[in-house]
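Please have the structure open as you read along.

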Amino acid sequence: MTVVTPSKTTSAEGKPTGGSRTRPGKLAESGSPTVRPPAAAHLSDEQVAELGRELDAVRDEILAKRGAADAAYIRRVIKIQRGLEISGRAALLVSKNKAAWVTGTTLLSLAKILENMEIGHNVLHGQWDWMRDPDIHSTTWEWDFVTPSRSWQHTHNDLHHRWTNVVGKDNDVGYNLLRMDEQQPWKPINLANPLFNAILAPLFEWGIAIYDLELTEFKEGKKSKEALLKDLKALGKKVVTQFTKDYAATPAVAMLTGSGKQALYGTLTANAVRNVWAHAVIFCGHFPEGTDTFTEEMAEGETRGDWYIRQMIGSANISGSKFMHIMTGNLSHQIEHHLFPDLPSNRYAEVAPKVREICQRYGLKYTTGPLLKQVGSTWGKIFRLALPGKTATP
């Protein structure tokens, strides 16, 4: 049986594409990592292997049930999202009226959140590739986010999900901007952690776009000039597309009713709202107190069961209503998403109780809490790590 961890990008027919990037770091068939994480040190190799088989079985169960109802779900969500976007932009065309501005901005904000979280993020993970629908496929979808889909898939799907929270391999730990772990040496610039994060939140899509260029890798000679220029060209095209849609086309048409300036403010606000929300959800899934980070030795030689354990103890969930789960792209089930990133997002709520029970039975923590608690915990860590302190010994 194959598991999602290393995987290849597939075509609309489900076949690997010739020029795709594969996820690095093949998992070991047996044994244990050089050092097992402290939270899992009580487990034997046999227990870890059994845990892996249990989680494989959970995944197999969902794969066996996946079908028409799931396909109908994502198509319904896409239909709702497009209706919200059309309605929002239409209202902004007459947004000189304050009620129309509030309505249009609200609807467009909801549309952008829904597209970014429940649709775009999950489509680009390949969650819906099994439908064989070329319009809802990880190789064809271009989302409403300034970073190009292909660039994001490389840094997120290929690297982050393989090396989740491994300091030195997963650059999502702080995004090369923030100090988010004691293992990262403190520098005076880290005093600005809270300020940097406050600026990053409303500009999150731009921060991710710059991050996806992998400028640090280029500076260190790990990325070629040709590759960087290719990514810059793709980003330039995407920036033009996004600017044209949000900051030129909609305001230009709105000028016919004297609402051009209001429409521009509306699209700017909708993007900022979406960015703040996406930032909060992502940070709450990775950085609140209770989530573990790992040294490279803890990932070296890990088996599938060890990889599963790292996903569970290195992630955090957000409790809340069904509506909240949908608006987070079901990343409120971040633990389940990290375990099974290519399963349909609407199935994570079904999987969560089984994963939690497995965690409890094997003596592993399952970090979860309401949104405000997780936001507060994350910001608390950002402030704490902004200050100098003893760097953790690997």
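Is Glu214 buried or exposed? In this predicted model, Glu214 is buried, because its relative accessible area is 11% and the cut-off for buried is under 20%. You will find Glu214 in the loop between α6 (204-212) and α7 (215-219). Its backbone deserves a look too: Glu214 has a positive phi of about 55° although it is not a glycine. Most residues other than glycine have a negative phi.

The side chain of Glu214 makes a polar contact of 3.4 Å with the side chain of His154. His154 belongs to helix α4 (residues 149-160) and is buried as well, with a relative accessible area of 15%.

## Another positive phi

Arg132 is also a non-glycine residue with a positive phi, here about 60°. Arg132 sits in the loop between α3 (98-124) and α4. With a relative accessible area of 45%, Arg132 is partly exposed.

## Enclosed spaces

How many cavities of 30 Å³ or more are there? The count comes to 6. The largest cavity holds about 230 Å³ of space. Its lining has 23 residues, and the closest to its centre are His121, Trp152, His156, Phe204 and Ile282. Two or more lining residues come from each of α3, α4, α6, α9 and α13 (334-339). By class, this lining divides into 11 nonpolar, 10 polar and 2 charged residues.

Now back to Glu214, which is one of the residues that line the second largest cavity. That cavity has a volume of about 80 Å³. Others in its lining include Thr155, Leu159, His160, Asn171 and Asn176. Helix α4 gives the most to this lining, with 3 residues. The classes here are 2 nonpolar, 4 polar and 4 charged.

## An open pocket

The second largest pocket contains about 720 Å³ of space. Of its 24 lining residues, Asn171, Val173, Asn176, Gln184 and Thr216 lie nearest its centre. The lining is made up of 10 nonpolar, 7 polar and 7 charged residues.

## Helix α15

Helix α15 (residues 371-386) has 16 residues, so at 1.5 Å a residue it should span 22 Å; the end C-alpha atoms are 23 Å apart, which agrees. Which residues of α15 are buried? They are Gln374, Ser377, Thr378, Lys381, Ile382, Leu385 and Ala386. An α-helix has 3.6 residues a turn, so residues three or four places apart point the same way. Among the elements that cover the buried residues of α15 are α5 (193-200), α9 (260-286), β1 (317-319) and β2 (368-370).

How values were computed:
Residues numbered from 1 in each chain as written. Predicted model: local features only at pLDDT ≥ 70, side-chain atom pairs only at ≥ 80, totals over all residues. Heavy atoms only, no water. Helix = DSSP H or I, 4+ residues; strand = E, 2+ residues; numbered from the N terminus. Buried < 20%, exposed > 50% of the residue type's maximum accessible area, 1.4 Å probe, protein only. Polar contact = N/O pair within 3.5 Å; in protein donor to acceptor, adjacent residues only side chain to side chain. Expected span 1.5 Å × (residues − 1). Contact = heavy atoms within 4.5 Å. 1 Å grid on protein atoms, 1.4 Å probe; cavity = no way out; pocket = protein on both sides within 12 Å on 5 of 7 lines; lining within 4 Å. Points joined across faces, edges and corners; volume = space filled by probe spheres on them. Nonpolar A, V, L, I, M, F, W, Y, C, P; charged D, E, K, R; others polar.
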